[in-house]
Amino acid sequence: MRYAIAIVMLFCVAQAWAENVVVSDASARATAPGQESAAIRFSITSKKEARLVAIVSPVAGAVEIHSMTHDNGVMKMRAIEFLPLPAGKMVKLGASGNHVMLLNLKNPLKAGESVPLTITVEFADKRKEKVNVSAEVKPLAASRDEHERHIH
Ligand SMILES: [Cu+2]
């Protein structure tokens with residue numbers, strides 16, 4: 001019985017998992033008019049050593065994984081091909097550091113909507129696992145993130 005309750009609670013926090021991979025707390029911010037890109041946040045944990053190799057979403061023309069570094073006070077962002085996922089360690093993708101960007105948005109993101117994402121993880125033996133997640137779109141006003149003011 002306790003197990004059943006735990007499962008229901010996991011659904012409430014919008015957690016998604018496949019056999020070896022758990023994704024939680026996926027969210028985005030509503031976009032301003034004319035904004036064509038948006039950052040997605042989530043936490044991902046793989047039981048086995050893996051790398052995050054691809055993300056697709058029907059709402060975006062492209063999805064990129066970005067790394068952000070500070071170089072003499074200048075913030076630099078670049079697209080990376082994959083993101084290492086150490087075994088059993090939660091990796092947070094947020095608005096700073098490593099993050100995920102939706103590019104060429106087909107429609108504005110509105111608060112209260114959710115954005116479907118399919119995240120592909122590849123293990124050391126080249127086997128792949130896909131996780132389907134829906135990221136909750138939060139109001140723009142609540143955003144205090146530096147990154148969302150950046151232009152990509
Ligand atoms: Cu970026």
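Biologist: How many bridges join β5 to β6?
Modeller: Seven, and β5 and β6 (residues 74-80) run antiparallel. Strands here are DSSP runs of E, at least two residues, and helices are runs of H or I, at least four, numbered from the N terminus. Two strands pair if DSSP finds at least two bridges between them. This is a predicted model, where local features need pLDDT of at least 70, side-chain atom pairs count only at 80 or more, and totals for chains, interfaces and linings use all residues. Residues are numbered from 1 along each chain as its sequence is written, and side-chain values use heavy atoms, leaving out hydrogens and water.

Biologist: OK, what's in the turn of that hairpin?
Modeller: Two residues sit between β5 and β6, and N72 there has a positive phi of about 50°. As for facing residues, H70 stands opposite M75 in β6.

Biologist: And which way does β5 pair with β9, parallel or antiparallel?
Modeller: Antiparallel, over six bridges between residues 60-71 and 99-105. A62 has L103 as its bridge partner, and A60 stands opposite L105.

Biologist: What about β3 and β9?
Modeller: β3 (residues 38-46) pairs with β9 antiparallel over three bridges, with A38 opposite L102.

Biologist: Switching topic: is T120 buried or exposed?
Modeller: Buried, at 8% relative accessible area. T120 lies in β10, residues 114-123.

Biologist: Which residues does T120 touch?
Modeller: Beyond four places away in sequence, R51, L52, V53, A54, K128, E129 and K130; contact means heavy atoms within 4.5 Å.

Key. Buried < 20%, exposed > 50% of the residue type's maximum accessible area, 1.4 Å probe, protein only.
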